[in-house]
Amino acid sequence: MHSFADGLKCVAQYEVEDSRALSTPSLLIYTEMIEANITAALGMMNGDASRWRPHLKTAKLGYTMRRLVARGIKLAKCATTLELVAAIECGMEDVLVAFPLMGPNAARVREIAAAHPERQISTLVESVDQIHEWGGGGVGVFVDLNSGMDRTGMAEDHFEEVREFIDQVEKAGLRFCGLHHYDGQIKNADASAAVVAREGYSQLVELVAYLKRSGIEVKEVITSGTPAMPHALNFAPFSTGEFVHRVSPGTILYNDRSSLQELPDYGFRPAALVLSTVVSRPRENRVTCDAGHKAVSADAGVPTCDVMGRPGLVGLKPSEEHLPIEVRSGEAPSRGELLYLLPAHVCPTVNNFDKAVLVRGGKVEDVVPVTARGREMFVA
C-alpha cells in the first residue's frame, strides 16, 4: 500500500504563499481540510453527529474543538485534565476522560466536574480499588474492557466478573454510564481485520445482553479508534441495539500517513503538516532539515514522515533537531528550500508545538496556541 505522498502529483494545494516569513519547524493547520474531514466522518455516520465521540488527544487546539462543536459534535473523549478543561471551555457538553486516573489526577477531575455541574463528565474504571476515587464527585463511570489490546481494562469475556464489578460500582452510589471497548490493535493492513473486529463486537453485544438479563442497563457502548471505525459503523447490532453506540476516532480530524493508509477511500485529507527548512547537504544523496523528533514525532518509527510531493525523498533516523533525508530519486533540495512534511503519527506531533499556524486558501490566517498541549501541573 502506497503512502499518500507517494500518490500526490504536487504539493501546490498545501503551499503557503508567505511561507518564507514563517520560522521553522512550524505546525501548519489547514482549516478547510479540517472541515472536509469532519464532513467525511459525519458522512460515514449518516450525518448523525451524536454517533461520534472524538478523542481530543489529536485535536489539541481550541480552534479545532470549537469547530467540532459548531458542527454539532458535542461529545468527546480525552486523556488529560488539561484536555478536559479545554473541551469544556470550547463547549463540549459530555466528556469522557478515557484514562484510568488515580490520586491527585482523579481529584482534579472531581474538582473540574464540581465546577461544571451542567456538563456530563465521566471516567474509566476497571477495578474495585479505583471505585473510591470517584465517590461523591458527580463523575460518571464507564467500565473499561480489554478488547485484546492488553493495555487497560477488565477481561471482556469474563461476563460474571464484569457484572459483579458493575454491581459494586452501583452499590457505591456511582453513576454507571456504559462500556468502553477500545480496539486499537485492529489494523486494516491485516486481511483479517474486519473479521477480528466483528468477533469482538459480537462478544460485546453478548455481554450487554447478559448484563440486561442480570438487571443492569447499559446505556452507551464506545468502541473504535480510526482503523476500526468502519467495521464498527457497519456492524448492524450496534445500530439496532437498545444502547447508544459511539465511535471515538480522533486522528481523522487532521490525518497522518498511517490513518490515510488505514482509511484510503473515505475522503479524508491531511490537515496538519510540519513546515521545515533544508539546512544542510552533508553528502551528494543526503540533505538534512530542521524537523527532528522534537518536531515530528518518531513514535511510529522511521521514516517519521513523508515529504509532500517528493516521494524520492525518504527520511532517515532523526535526532532531536535534525532530520536526515536520503535522496533516492529526483533532484536534491537545495539549502534553504522549504519542505512540507506529513507525519506518520500526527497526535504526538501536534503536541510537540506550543503554537500552530492556521492556513486558509493558501494564506496564513492566524497563529494560535495548541491549547491542550502537555499537562496541567497541580498539587493536591
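Predicted model: local features only at pLDDT ≥ 70, side-chain atom pairs only at ≥ 80, totals over all residues.
Me: Start with strand S3. Which way do its residues point?

Reply: Strand S3 covers residues 94–97; Asp-94 and Leu-96 point one way, Val-95 and Val-97 point the other way, and all are buried. Buried means under 20% relative accessible area, exposed means over 50%, and partly exposed lies in between, with a 1.4 Å probe and protein chains only. Strands (E, at least two residues) and helices (H or I, at least four) are DSSP runs, numbered from the N terminus.

Me: How many bridges join S2 to S3?

Reply: Strand S2 (residues 75–78) and S3 run parallel and are joined by 4 bridges. Two strands pair if DSSP finds at least two bridges between them. Asp-94 in S3 is the bridge partner of Leu-75.

Me: Through which helix does the chain cross from S2 to S3?

Reply: The chain passes through helix H4 (residues 81–89), and this β-α-β crossover is right-handed. The term applies if, with the strands pointing away from the viewer, the path from the first strand over the helix to the second runs clockwise.

Me: And what pairs with S3 in the parallel sense?

Reply: Strand S4 (residues 120–125) pairs with S3 in the parallel sense over 4 bridges. Leu-96 has Ser-122 in S4 as its bridge partner. The chain crosses from S3 to S4 through helix H5 (residues 104–115), in a right-handed β-α-β crossover.

Me: Why is S4 described as largely enclosed?

Reply: S4 is largely enclosed by the rest of the structure because 5 of its 6 residues are buried. S4 also pairs with strand S5 (residues 140–146) in the parallel sense, over 4 bridges. There, the bridge partner of Leu-124 is Phe-142.

Me: Back to the helices. At what angle do the axes of H4 and H5 cross?

Reply: They cross at roughly 10° and come within 10 Å. That makes H4 roughly parallel to H5. Axes are lines fitted to C-alpha atoms, for helices over the stretch in contact, and angles run from 0 to 180 degrees between N-to-C directions. Angles under 35 degrees count as roughly parallel, over 145 as roughly antiparallel, 65 to 115 as roughly perpendicular and the rest as oblique.

Me: Which residues make the contact?

Reply: H4 contributes Thr-81, Leu-84, Val-85 and Ile-88, and H5 contributes Asn-105, Arg-108, Val-109 and Ile-112. Contact means heavy atoms within 4.5 Å.

Me: What covers the buried residues of H4?

Reply: The cover includes helix H2 (56–59), helix H3 (62–70), S2, S3, H5 and S4. H4 is largely enclosed by the rest of the structure, because 8 of its 9 residues are buried. Just after H4, Gly-91 takes a positive phi of about 105°.

Me: Glu-83 is in H4. Is Glu-83 buried or exposed?

Reply: Glu-83 counts as buried, because its relative accessibility is 2%. Leaving aside neighbours within four places in sequence, Glu-83 is in contact with His-55, Leu-56, Lys-57, Lys-60, Cys-78 and Ala-372.

Me: New topic: where is Ile-34, and what does Ile-34 touch?

Reply: Ile-34 lies in helix H1 (residues 31–44) and counts as buried at 0% relative accessibility. Not counting residues up to four places away in sequence, Ile-34 touches Ile-29, Tyr-63, Thr-64, Leu-253, Tyr-254 and Ala-271. Ile-34 and Phe-268 are 234 residues apart in sequence and 9.2 Å apart, C-alpha to C-alpha.

Me: Finally, where is Ala-300?

Reply: Ala-300 is in the loop between strand S11 (286–289) and strand S12 (305–307). Ala-300 is partly exposed, with a relative accessible area of 41%. Neighbours within four places in sequence aside, Ala-300 is in contact with Ala-344 and His-345.

How values were computed:
Residues numbered from 1 in each chain as written. Heavy atoms only, no water.
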